[in-house]
Amino acid sequence: FADRTWEIDVTGDVEIIDGVESWVLPFDYVDDSGNIEVLRGAYVLQDVGDGRTLVRYEAFVGLGFWIPEPLLNWATRRILPGILTGIEAQAGRELVARL
């Protein structure tokens, strides 16, 4: 999908979800910033104790063409580890900034 380009707007706030303080980061496609039809979703991060964080990633993506489910599953398995690495890196920067 190297020919697909986009920009997203990201906001963030702390919300209580299921009684747990959660960091919610919704994102949305910036109109006319690329060549996809739609991209929106959110990251939700919750502290589950013992230095662990539960991460929920929701995305609705319209690339402008159909993708067979096996290819979609393969792409998801390839993309998600990089997303988690980025979240961990950002969390490390936030922690250093607070110290």
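This note goes through the fold, the strand pairing, the core, the surface and the charged pairs of a predicted model.

1. Overall layout. The predicted model contains one helix and five strands, and when it is read along the sequence these elements follow the pattern β-β-β-β-β-α. The C-alpha trace spans about 45 × 30 × 30 Å along its principal axes. Among the contacts with a separation of 6 or more, 35% are between residues 24 or more positions apart.

2. Burial and surface. Of the 99 residues of the protein, 23% count as buried. The accessible surface comes to about 7600 Å², and carbon and sulfur atoms account for 55% of that area.

3. Pairing around β3. Strand β3, which covers residues 20-29, pairs with β1 in the antiparallel sense through three bridges, and in this pairing Val-10 stands opposite Phe-27. Strand β2 also runs antiparallel to β3, with five bridges joining the two, and here Val-14 stands opposite Trp-23. A further antiparallel pairing, over seven bridges, links β3 to β4, where Asp-28 has Arg-40 as its bridge partner.

4. Pairing of β4 and β5. Strand β4 (38-49) is joined to β5 (residues 52-62) by eleven bridges, and the two strands run antiparallel. Within this pair, Ala-42 stands opposite Glu-58 in β5. Taken with the previous point, β4 therefore has pairings with both β3 and β5, given that two strands pair if DSSP finds at least two bridges between them.

5. Turns and backbone angles. Two hairpins deserve a look at the backbone. The hairpin of β2 and β3 has two residues between its strands, and Asp-18 in its turn has a positive phi of about 55°, although Asp-18 is not a glycine. The hairpin of β4 and β5 likewise has two residues between its strands, with Asp-50 in the turn at a positive phi of about 55°. A positive phi, of about 60°, is also found at Asp-32, which is not a glycine and which lies in the loop between β3 and β4.

6. Exposure of the loop aspartates. Are Asp-18 and Asp-32 buried or exposed? Asp-18, in the loop between β2 (13-17) and β3, has a relative accessible area of 77% and is therefore exposed, the cut-off being over 50%. Asp-32 is likewise exposed, with a relative accessible area of 77%.

7. The nonpolar core. Which residues make up the largest nonpolar core? Eleven residues belong to this core, namely Leu-25, Phe-27, Tyr-29, Ile-36, Leu-39, Tyr-43, Leu-45, Leu-63, Ile-67, Ile-83 and Ile-87. The elements that contribute two or more residues to the core are β3 (20-29), β4 (38-49) and α1 (69-98). Ile-83, when residues up to four places away in sequence are not counted, touches Tyr-43 and Tyr-57. As background, nonpolar side chains tend to be buried together in soluble globular proteins.

8. Ile-8 is found in strand β1 (residues 8-10) and has a relative accessible area of 35%, so it counts as partly exposed.

9. Salt bridges. How many salt bridges are there? The count comes to two. In one of them the side chains of Asp-3 and Arg-4 meet at 3.2 Å, N to O; Asp-3 is partly exposed, with a relative accessible area of 48%, whereas Arg-4, at 18% relative accessibility, counts as buried because the limit for buried is under 20%. In the other, the side chains of Arg-56 and Glu-58 meet at 2.9 Å, N to O. Arg-56 counts as partly exposed at 40% relative accessibility, and Glu-58 is also partly exposed, at 39%.

Conventions. Residues numbered from 1 in each chain as written. Predicted model: local features only at pLDDT ≥ 70, side-chain atom pairs only at ≥ 80, totals over all residues. Heavy atoms only, no water. Salt bridge = Lys/Arg side-chain N within 4 Å of Asp/Glu carboxyl O. Buried < 20%, exposed > 50% of the residue type's maximum accessible area, 1.4 Å probe, protein only. Core = buried A, V, L, I, M, F, W, Y, C linked by side-chain atoms within 4.5 Å. Helix = DSSP H or I, 4+ residues; strand = E, 2+ residues; numbered from the N terminus. Contact = heavy atoms within 4.5 Å. Areas by Shrake-Rupley, 256 points an atom, 1.4 Å probe, with all protein chains shown as cover.
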